[in-house]
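Open the model in your viewer and keep the selection tool at hand. The tour below goes from stop to stop and says what to select at each.

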Amino acid sequence: LFFPEKRDFFLEGQGIFGFSGQGDGGPSDGFGDVPTMFFSRRIGLSKGQPVPAIAGARVTGKAGDFDLGLINIQTGNKPSADAVATNFSVVRIKRDILRRSNIGFLVTRRGPSMNHNDSNFTLGIDANLRFFENIESNLYWARTATPGILGSDVSYRGLFEYAGDRYGFRIEQLMVGDKFNPEIGFVRRDDFRRSSVNIRFSPRTTNNRIIRQSVFGGERNEPFSIIPR
């Protein structure tokens, strides 16, 4: 289940940590099955119980064309929640390019991992490109590393959208491996590949005071497919 963050410490400046066009809201942002690489509710909560935070620091800000976000938090033990002393680290750097676009990378570390062995790492790079007023492209590639877990630990997405007033077009390719495991993130579904194409025609009327605009569209989705092993 996904519940939004409500703690003030994480809410302030959370947009800097958004990855691949997402805020910290994860699936509630409307991205559905697109993984959230950093989800702050993974910190200080385990099995629905609060876990004591021993110490922590967060730095967010802007330096020239760069947005910077750093988090390091140490939590303590809580046997009833199956939680051991854990360190959470997040580094997010984005750079503005062109007029309304950005590129960046994100690194997260959870040590020890959720199975209490070594550390879990996530590394991702993303690009959010906007051209003119109606053209947008979103790209990301991410990989996780968890000791003792073998399989496809990669996820990627490519999205191109033209969102004009009269015409619209959208194409997307999304893949999430069966062992993609960002332990300071949120993955709704794994082990699938999806392709989709959507077209829209939405003419406006000129002499009708009741109906101002009509929308006609078609969509084709490749069924969710299990990735061959």
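**Stop 1: the largest cavity**

The largest cavity holds about 50 Å³ of space. This is a predicted model, in which local features need pLDDT of at least 70, side-chain atom pairs count only at pLDDT 80 or more, and totals for chains, interfaces and linings use all residues. Residues are numbered from 1 along each chain as its sequence is written, and side-chain values use heavy atoms, with hydrogens and water left out.

On a 1 Å grid over the protein atoms alone, a cavity is a set of points where a 1.4 Å probe fits but cannot get out; a pocket is an open set with protein on both sides within 12 Å along at least five of seven lines; lining residues have an atom within 4 Å of a point. Grid points are joined across faces, edges and corners, and a volume is the space filled by probe spheres set on the points.

Select Phe10, Gln14, Phe17, Phe38 and Ile71: of the 10 lining residues, these lie nearest the centre of the largest cavity. The model has three cavities of 30 Å³ or more.

**Stop 2: the largest nonpolar core**

Now select Met37, Phe38, Ile43 and Tyr140, the residues with the most contacts inside the largest nonpolar core, which has 19 residues. Such a core is a set of buried Ala, Val, Leu, Ile, Met, Phe, Trp, Tyr and Cys residues joined through side-chain atoms within 4.5 Å. Strands S4 (66-75), S5 (86-97), S8 (135-145) and S10 (167-176) each supply at least two residues of this core. Strands are DSSP runs (E, at least two residues), numbered from the N terminus.

Which residues is isoleucine 43 in contact with, leaving aside its neighbours within four places in sequence? They are Arg7, Phe10, Phe38, Ile73, Phe88 and Ile184; contact means heavy atoms within 4.5 Å.

**Stop 3: the largest pocket**

Select Arg41, Arg42, Leu45, Ser46 and Lys47, which lie nearest the centre of the largest pocket among its 25 lining residues. Strand S1 (45-46) and S5 each give two or more residues to this lining. About 540 Å³ of space lies in the largest pocket.

**Stop 4: glycine 76**

Go to the loop between S4 and S5 and select glycine 76. Glycine 76 counts as buried because its relative accessibility is 6%, and buried means under 20% relative accessible area (1.4 Å probe, protein chains only).

Definitions and conventions
Buried < 20%, exposed > 50% of the residue type's maximum accessible area, 1.4 Å probe, protein only. Helix = DSSP H or I, 4+ residues; strand = E, 2+ residues; numbered from the N terminus.
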